[in-house]
Amino acid sequence: MPAQLIKGAEVSKQIREEITKEVEELKEKHGITPGLATILVGEDPGSKVYVGQKEKACNNLGIYSARTDLPADTSEADLLDLVKKLNDDPKIHGILCQLPLPKHVDATRVIYAIDPDKDVDCFHPVNVGKLMIGKGRFLPCTPNGIMELLKRYDVATEGKHVVVVGRSNIVGKPIANLMLQRSPGGNATVTLCHTGTKDLAAFTKMADILIVAIGQPKAITADMVKEGVVVIDVGVNRIGKTPEGKGILAGDVDFDSVQEKAAAITPVPGGVGPMTITMLMKNTVEAAKATISD
Ligand code: NDP
């Protein structure tokens, strides 16, 4: 039987309605309008699309959006100056510098310069450290989106074997960490796989919940999973164009074959993707709430 679809687009819509109400309440009761600053350096088409989507989401939810587009040859010093100004700006509660940055800029230095209280991407080491010890104020957007999907589809994690494939700092490592925290939505036994893993299929076959973030189209096939697995496919891979010139996307999981064995699965597109920006909006609102003085 085909798997139940975990529809991130629908859950995202639901959460955005909740966020809109929270934003209205913040404005009415506290006179605070949550504000997100986005910084785009250069002309990368993908980055432009992402920043545009974030700006649009802010506008739709009543969040103040301050976007700065800078030329590709912007110096690191100028970028750090801008970050400092935004750190000091009380209208701004979240700062997001779209990655990747041009090669002459040290992205790490820029991320470290963002005030951890405004680090709504949760990339600053202070926030990464807090996440590790289970005290995170912000949770990174894609992993947090995955947690919300599992929660809202009543997928129990406690005592389950969660296998994560991919160990990036923005997806693999943080989701593995969240899954092993002794807290609701976690308390799982976690295995983290990567390119150094020998016999990947031996691990993926053991998964009750399989989370894949590797950037390899359709790499996880039906013979690599067990019956009844819940599959979260984070991958977004452009695999061609339709005759009309529209981009075709595929996940890291071979959806057609795996859905025949899985109990539930996220589609690509419409699964994890829509959740990421929504959780960014949620973090911005959380950052604004944290400025309320008692
Ligand atoms: P990275 O390229 O930063 O990391 C990929 C990870 O996957 C690495 O740890 C790498 O291992 C591992 N890996 C790659 N190939 C294999 C393989 N064949 N077997 C086992 N492990 C492998 O990717 P990201 O985490 O940034 O992104 C992963 C995917 O998720 C991409 O398709 C990206 O577009 C998508 N994505 C989607 C988001 C969304 O909102 N839906 C948000 C972020 C990412 P090693 O460390 O050994 O090199």
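Q: Is Ile-133 buried or exposed?
A: Bear in mind that this is a predicted model. Ile-133 sits in the loop between α5 (125-132) and α6. Its relative accessible area is 61%, and the cut-off for exposed is over 50%. So Ile-133 counts as exposed.

Q: Which residues form a nonpolar patch on the surface with Ile-133?
A: In general, nonpolar side chains in soluble globular proteins tend to be buried together. Here, though, there's a nonpolar patch on the surface, with about 300 Å² of accessible area together.

Q: Which element gives the most to the largest nonpolar core?
A: That core has 48 residues, and Leu-36, Ile-63 and Met-281 are among those with the most contacts inside it. Elements supplying at least two residues each include α1 (8-30), α2 (45-61), β7 (209-212) and α10 (273-289). With eight residues, the top contributor is α10.

Q: Which domains does this core draw at least three residues from?
A: The protein chain is divided into two stretches, 30-116 and 141-273, and their centres, taken over C-alpha atoms, are 29 Å apart. The core draws at least three residues from each of them: domain 1 and domain 2.

Q: Which residues does Val-234 touch, not counting those up to four places away in sequence?
A: Val-234 is listed with those that have the most contacts inside the largest core. Leaving out the sequence neighbours up to four places away, its contacts are Thr-142, Ile-146, Val-171, Ile-211, Val-212, Ala-213 and Val-272.

Definitions and conventions: Residues numbered from 1 in each chain as written. Predicted model: local features only at pLDDT ≥ 70, side-chain atom pairs only at ≥ 80, totals over all residues. Heavy atoms only, no water. Core = buried A, V, L, I, M, F, W, Y, C linked by side-chain atoms within 4.5 Å. Buried < 20%, exposed > 50% of the residue type's maximum accessible area, 1.4 Å probe, protein only. Helix = DSSP H or I, 4+ residues; strand = E, 2+ residues; numbered from the N terminus. Domains from an automatic or database assignment. Contact = heavy atoms within 4.5 Å. Patch = residues over 30% accessible without salt bridge, like charges linked within 9 Å, V, L, I, M, F, W, Y side chains within 5 Å. Areas by Shrake-Rupley, 256 points an atom, 1.4 Å probe, with all protein chains shown as cover. Salt bridge = Lys/Arg side-chain N within 4 Å of Asp/Glu carboxyl O.
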